[in-house]
Amino acid sequence: MGDLLAQLGSVLASVMFVWAIIQQYFPYNIRNFFDKYSQRFLTFFYPYIQITFNEFTGERFKRSEAYSAIETYLGTTSSMQAKRFKADIIKNNTQPLALSMDDHEEVADEFNGVKVYWASGKNILKSQSFSFYPNTDEKRYYKLTFHKRHRELIFGPYLNHVLKEGREIKVKNRLRKLYTNNGSQWSHVVFEHPASFQTLAMDPVKKQEIVDDLTTFSNAEEFYNRIGRAWKRGYLLYGPPGTGKSTMIAAMANFLCYDIYDLELTAVKDNTELRRLLIETSSKSIIVIEDIDCSMDLTGQRKKDKEEPEESDPAKKPVKPPENESKASKVTLSGLLNFVDGLWSACGGDRLIVFTTNHVEKLDPALIRRGRMDKHIELSYCGFEAFRVLARNYLYLETHDLFEKIRGLLEETQMTPADVAENLMPKTSPADVEGCLRSLIEALENTKEEKRIEEEEKRKKESAAAVTAAAEEKDEIKVAKLVENGSNGSI
Ligand SMILES: Nc1ncnc2c1ncn2[C@@H]1O[C@H](COP(=O)(O)OP(=O)(O)OP(=O)(O)O)[C@@H](O)[C@H]1O
C-alpha cells in the first residue's frame with residue numbers, strides 16, 4: 001500500500017511538472033488551442049450543462065439577488081432531501097426559522113417532468129490583504145446541472161420560476177415594516193397589526209371582489225409590462241369614521257405581505273421633498289395618505305396652481321407668508337398628481353397607493369379619477385353580514401335567536417362597525433353572549449330613537465321655514481302686483 005501511494009505521488013508530481021513546463025514554455029496560442037479543443041472533446045462526451053450562481057458579483061459587497069432568491073427557493077425545495085441545513089431566525093408569526101441548504105449539499109429538483117440538480121459549494125481563497133490574523137475569503141455559490149437537451153426550458157421558464165418563487169418566499173418570510181415620515185425622512189417600526197380580510201366586517205361579495213383585485217394585481221407584473229403601464233394601483237377608501245378604512249389597509253398589507261408607508265403629507269415641505277420620499281419607498285409596499293381631504297386644501301391649492309402669478313408682473317408678486325405659515329406644507333395638487341402617476345411613480349416594483357377620506361365629495365375629481373385611483377371602495381355602516389363577521393370574531397357566534405331582531409334594527413339605523421364591535425366586546429370571562437347581544441340591541445334602539453327625534457326636529461324646522469317663505473312669497477306677489485299696476489299707468 002505504501003509503495004502504491006509512493007508511485008501515485010510520483011506520477012502526480014510528474015504530471016504537474018509537465019503541466020508547469022507547458023504553462024511556462026509553450027506559447028499562449030498553443031495553450032489556448034489545447035484548452036479549447038480539450039474542452040470541446042470533454043463536452044462531446046459530457047452532455048450536461050452547468051450554471052454557477054456566485055454569492056457576490058460585480059461590486060464585492062453586494063450580494064447577488066439571484067443567489068439570494070435561489071437560496072430561499074432551495075430552502076423549501078431541499079427540505080425533504082438535504083441532510084444538512086443552515087438556519088436563521090426570521091421572527092415571522094407563522095414560521096420562526098428560515099432554512100437553507102448547507103455547503104456541499106446536493107439536491108434534485110423537477111420541473112415539467114425534467115430533472116435538474118443543484119449543488120451548493122464554497123471556494124476558500126486566501127485573503128490578499130495584510131493582517132496579523134490568518135484571514136480567508138469564502139466565496140459561496142450554487143451550481144445548477146441539467147441535460148443539454150433541456151437548455152431552452154431551463155434557461156427560460158425554469159430559472160424564471162426559481163427566481164420568482166424565491167423572491168415570493170423571501171417577501172413572505174421577512175418582517176414587515178410600518179414607515180412614517182418625519183419631514184423628508186422615513187423611519188420605521190415592525191408592522192404587527194393582526195387585521196385580516198377574514199376578520200374585516202363588510203359585505204362578503206364586496207370583500208371577495210377586493211381580495212380578487214389584490215390577487216390579480218400582485219401577480220400581474222407581466223401584464224403591466226405588456227401594456228406598458230407602471231405596476232401600481234390606486235385605491236380610494238371612503239366612508240364615515242369607524243367604518244374600517246385603516247383596518248382594511250392593515251388587512252391588505254397582511255394579505256399581500258407588503259410594507260406600509262404611512263405618508264404624513266402635512267409634514268412634507270414641498271413637491272421636491274414629496275418626490276424624494278416616493279423614490280425611497282421600496283417595491284411591494286402600500287403608500288397610504290390618510291384623511292387626504294384634511295392633509296391639504298385641495299380646492300384652494302388647485303386654484304393657486306392655476307393662478308400662479310407671473311414673476312415678471314411686480315403687481316402680482318407672491319406675498320411673503322407670515323412667519324408662522326412659512327413652515328406649512330407647500331405640496332400642491334399637481335405635486336400630488338405627479339406623486340401618484342408621474343414618471344417617478346413608476347420607479348421600483350409593485351406599489352399600491354391608498355387614499356382615505358371621510359368626505360369623498362370634497363376631493364378634487366382630478367385626484368380620484370379612474371386611472372389614478374383605480375378602485376373606489378365605500379366602507380359604510382354595519383349591515384347584517386358585517387355584523388355576523390363581528391359576532392363570529394368577538395363571540396364565536398354563528399347564529400342566535402336575537403339575530404333576526406338585530407337584522408331588523410341594522411336595516412333601520414346607521415351604526416358603524418366600530419360601534420357594533422364595541423358593544424360586542426365581552427365584558428366578562430367567559431363571555432356573556434346574550435348580554436352582549438342585548439347591549440347591542442339597546443344601543444341600536446337608542447340610535448334609532450335619536451334618529452327619529454333628529455328627523456322630527458328637522459321636519460319641524462323645514463315646515464317653519466316653509467311658512468316663512470310662503471309669507472315672504474305673499475309679499476313678493478303684492479310687490480309684483482304693484483309693479484304690474486304701475487306699468488299699466490295706475491301709479
Ligand atoms: N369593518 C370593520 N371590521 C372590523 N373591525 C372594524 C371595522 N370597522 C371598524 N372596526 C373596528 O373599529 C376600530 C376603528 O376602525 P378604523 O380605524 O379602521 O376606522 P376608520 O374608518 O379608519 O376610522 P377613521 O376615519 O376615524 O380613521 C378598529 O380598531 C376596528 O377594531
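Where in the chain does His 104 lie, in terms of the strands S3 and S4? In this predicted model, in which local features need a pLDDT of at least 70, side-chain atom pairs count only at pLDDT 80 or more, and totals for chains, interfaces and linings use all residues, His 104 is placed in the loop between strand S3 (97–101) and strand S4 (106–111). Residues are numbered from 1 along each chain as its sequence is written. Helices (H or I, at least four residues) and strands (E, at least two) are DSSP runs, numbered from the N terminus. Although His 104 is not a glycine, its phi is positive, at about 60°. With 10 C-beta neighbours inside 10 Å, His 104 counts as exposed, where a residue is exposed if 12 or fewer other C-beta atoms, placed from the backbone, lie within 10 Å of its own, buried if 20 or more do, and partly exposed in between.

The chain contains 16 helices and 13 strands, and 22% of its 491 residues count as buried. Among the contacts in the chain with a separation of 6 or more, 73% are accounted for by residues 24 or more positions apart, a contact being a pair of residues whose C-beta atoms, placed from the backbone, lie within 7 Å.

Confidence is expressed as pLDDT, the predictor's confidence in each residue, from 0 to 100. The mean pLDDT of the chain is 82, and 84% of its residues reach 70 or more. Within the chain, helix H14 (residues 403–412) has the highest confidence, at a mean of 96, while helix H10 (residues 298–306) has the lowest, at 47. Over residues 302–326 the pLDDT is below 50, and this stretch has 11 contacts in the model beyond near neighbours in sequence. The pLDDT is also below 50 over residues 487–491, where the model has 3 contacts beyond near neighbours in sequence. Where pLDDT is low, the predicted coordinates should not be read in detail. For the complex, the predictor gives an ipTM of 0.97 and a pTM of 0.70.

An open sheet of 7 strands, with mixed pairing, has the order S8-S7-S10-S11-S12-S9-S13, two strands being paired if DSSP finds at least two bridges between them. Because S8 and strand S13 (375–378) stand at the edges, each with a single partner strand, one side of each is left without a neighbour in the sheet. Neighbouring strands of this sheet are turned by 25° against each other on average, direction ignored; the axes are lines fitted to C-alpha atoms, for helices over the stretch in contact, and angles run from 0 to 180 degrees between N-to-C directions.

Strand S8 (residues 185–190) is hardly covered, since the count of buried residues among its 6 residues is 0. Elsewhere in the sheet, strand S9 (residues 232–238) pairs with strand S12 (residues 351–357) in the parallel sense over 7 bridges, and Tyr 235 stands opposite Val 354 in S12.

The ligand is surrounded by 15 residues, of which the closest are Ala 201, Pro 241, Gly 244, Thr 247 and Ala 418; a residue is near a molecule if its C-beta atom, placed from the backbone, lies within 6 Å of it. At least two residues of this shell are supplied by each of helix H7 (245–256) and helix H15 (417–424). By class, the shell has 8 nonpolar, 6 polar and 1 charged residues, where Ala, Val, Leu, Ile, Met, Phe, Trp, Tyr, Cys and Pro count as nonpolar, Asp, Glu, Lys and Arg as charged, and the others, Gly among them, as polar.

Further local features concern Cys 257, Pro 430 and Arg 140. Cys 257, in the loop between H7 and strand S10 (259–262), has a positive phi near 60° and is partly exposed, with 16 other C-beta atoms within 10 Å. A cis peptide bond, with omega about 0°, joins Ser 429 and Pro 430, and Pro 430 is found in the loop between H15 and helix H16 (433–487). Arg 140, in strand S6 (residues 136–147), touches Glu 55, Asp 103 and Lys 122, not counting residues up to four places away in sequence.

How values were computed:
Two residues are in contact if their C-beta atoms, placed from the backbone, lie within 7 Å.
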